[in-house]
Amino acid sequence: PGAQLPFDKEKKTIVVLGTGWGATSLLKNIDTEDYNVVVVSPRNYFLFTPLLPSAAVGTLGIRSILQPIRYITRFKTRSVAVVEAQAEAVDPVNKTVTFSDTSDVKGLTSSTTIGYDYLVYAVGAETQTFGIPGVKENAVFMKELQDAENMQRRFMDCLETAAFPGQSKEEIERLLHVVVVGGGPTGIELSGELHDFLHEDLQSWYPELASSIKITLVEALPSVLPSFSKQLIDYTEKSFRERKMDVLVKTMVKEIKPTSVVLQMPDGTMQERPCGMVVWAGGNKGRQVTMDLMAQLPEEQTNKRGIMVDDYLRMVGAPSIFSIGDCTASSYAPTAQVASQQGAYLATVFKNLAKKEKLEAKLKVEGEGKGREVRANDAEVEATKKQLQRYEKALRPFHYTHQGSLAYIGSDKAISDLPFMNGNFASGGVMTYLFWRSVYLSSLFSFRNRMMVADDWIKTKMFGRDLSRE
Ligand code: FAD
Ligand code: NAD
């Protein structure tokens, strides 16, 4: 038989759903001495999302921003079970989770249900499409590794098709028109990276096509990057327009067709614009498994944005479930910074919980006694009670420390909003870009990733991006 779960019946079992920012930060910090830990996720790696747009245009190799999750779990004091599977259902009453192998190759067993004492629910979110016709069928997304690969393939396909002999000028212009939907940080960073790709590489490799390439960024709100300070919004929009990128604000995408995008313009009129590729970066939406879990607690879980948690990150209505990151609805933005701080916080919560539970068990034995001879004296009981109070006090609510916002906008420029002396320090330009690079390089998961990313940056500078099509 394969691995049996859980593997030590004396210990409580924590099931962790996900291998993203929240779950990985927990796994890095958790002490596995006290618990059986089982990780369930459809991907067996951690993805460093901030550099995904760079990987999409080939500045970085896709593998450079991944870290296999077993690189992290194998260094733990006790073995951690990693299961590549997708959680299909969580039963918060019976405390079970059902998961299935969703990969192409399946064995005779591909679905199972296990129990948990604590569940860490960190499945993230999926891309919001608002049910707009054609988004799923005709656009590419920018959330997962496969999205970056799809975008690269699609864009190279557009280029090679535009280079086909006899292609009309009109068709070349359509094929080389890229529409990015969403002026949030994902859409902005991707547009910046695409612009670099076009101007640093395509101009020399496809000189006859370069002048036909065009990027349009579409945002429904009155400005891009609403979470950044006003001067950085103006700086970004100005910098995009100077580089001949079309920024359409107060404009809503209403439909995406195979060869065009339908826009509702600020004056309410509709326009159809031909294009070769649409990248959809329209924000987040809860996963179906999350909606199903919340539906089982209709009285407590009333926020459609995601799971509501208390100050200790416990799911309201199901205190054995801790929920972190993008699948939650809280006052924090759905960012990697928040998710990773929450994951690290949970590691300390579990440490304290284990100590508290051990002391409670000790107190029970001391208090009840199993016969006079094992009964502790009053002084010992008092000492244990004091220790217990200390650990109860140590269970502090989660506190988020904002370290600032950074985004790359292309042409070796970045923007940053950093907390500074109870205020904010906003900056944009080439120095901020160097800062952006150093921050991301140092926050990459491992020395291995840092070496690979630094190496890719040097290779791209020296030889350009790889233009071969998979
Ligand atoms: P995720 O990191 O998305 O992880 C979710 C995990 O759950 C994944 O491993 C997934 O495979 C797994 N999963 C999915 N479904 C199931 C299931 N049914 N069962 C079990 N597991 C499941 N934030 C920043 O702070 N700074 C940035 O610079 C930044 N840049 C970004 C760039 C891009 C292109 C994107 C898309 C996001 C960026 N973010 C950034 C946001 C950041 O990536 C998210 O906020 C962060 O990933 C949230 O972490 P999480 O753990 O909640 O979810
Ligand atoms: P987002 O929600 O921040 O932005 C999506 C944008 O798409 C919104 O501004 C919305 O108005 C627009 N939109 C949606 N539908 C539209 C339509 N039909 N037509 C036109 N516009 C439409 O999403 P995101 O950029 O993917 O970011 C998600 C989260 O990840 C955010 O919390 C963000 O801060 C974080 N993130 C951070 C960074 C960074 O710090 N550098 C980078 C990427 C993502």
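## Surroundings of ligand 1

Ligand 1 is surrounded by 30 residues, of which the closest are Gly 22, Thr 49, Ala 87, Asp 326 and Tyr 440; a residue counts here if one of its heavy atoms lies within 4 Å of the molecule. The structure is a predicted model in which local features need pLDDT of at least 70 and side-chain atom pairs count only at pLDDT 80 or more, whereas totals for chains, interfaces and linings use all residues. Residues are numbered from 1 along each chain as its sequence is written, chains are lettered from A and ligands numbered from 1 in the order in which they are written, and side-chain values use heavy atoms, with hydrogens and water left out.

Polar contacts are pairs of N or O atoms within 3.5 Å; within protein, one atom must be able to donate a hydrogen and the other to accept it, and residues adjacent in sequence count only if both atoms are side-chain atoms. A polar backbone atom of Gly 22 lies 2.8 Å from an oxygen atom of ligand 1. From the side chain of Tyr 440, an N or O atom is 2.6 Å from an oxygen atom of ligand 1. For Ser 41, the distance between a polar side-chain atom and an oxygen atom of this ligand is 3.4 Å.

## Surroundings of ligand 2

Around ligand 2 there are 25 residues, and the closest are Thr 186, Glu 219, Ala 220, Val 253 and Leu 406. A nitrogen atom of ligand 2 lies 3.3 Å from a polar side-chain atom of Glu 189.

## Domains and their interface

The protein is divided into domain 1 (12–125 + 286–351) and domain 2 (135–284 + 402–463), with bounds that come from an automatic or database domain assignment. Their C-alpha centres are 29 Å apart. In domain 1, 35 residues are in contact with 31 residues of domain 2, contact meaning heavy atoms within 4.5 Å. About 2,900 Å² is buried between the two domains, with carbon and sulfur atoms giving 60%; this is the accessible area (1.4 Å probe) that two parts lose on being put together, summed over both.

Between the domains there are 15 residue pairs in polar contact, both residues being at pLDDT 80 or more. On the side of domain 1 that touches domain 2, the elements giving two or more residues include helix H1 (21–29), helix H2 (52–56) and helix H11 (336–368); helices (H or I, at least four residues) and strands (E, at least two) are DSSP runs, numbered from the N terminus. H2 provides the largest share, 5 residues.

## Salt bridges

Side chains of opposite charge can pair when their charged atoms come close. A salt bridge is defined as a side-chain nitrogen of Lys or Arg within 4 Å of a carboxyl oxygen of Asp or Glu, and the count by this rule is 21. Between domain 1 and domain 2 the count is 2. Arg 43 and Glu 144 form a salt bridge through their side chains, at 2.8 Å from N to O.

Another salt bridge joins Lys 351 and Asp 34, with the closest N and O atoms 3.5 Å apart. This pair links distant parts of the chain, 317 residues apart: Lys 351 is in helix H11, and Asp 34 is in the loop between H1 and strand S2 (35–41).

## Ser 330

Ser 330 is located in the loop between strand S21 (318–323) and H11. Its side chain reaches the backbone nitrogen of Tyr 332 at 3.2 Å.
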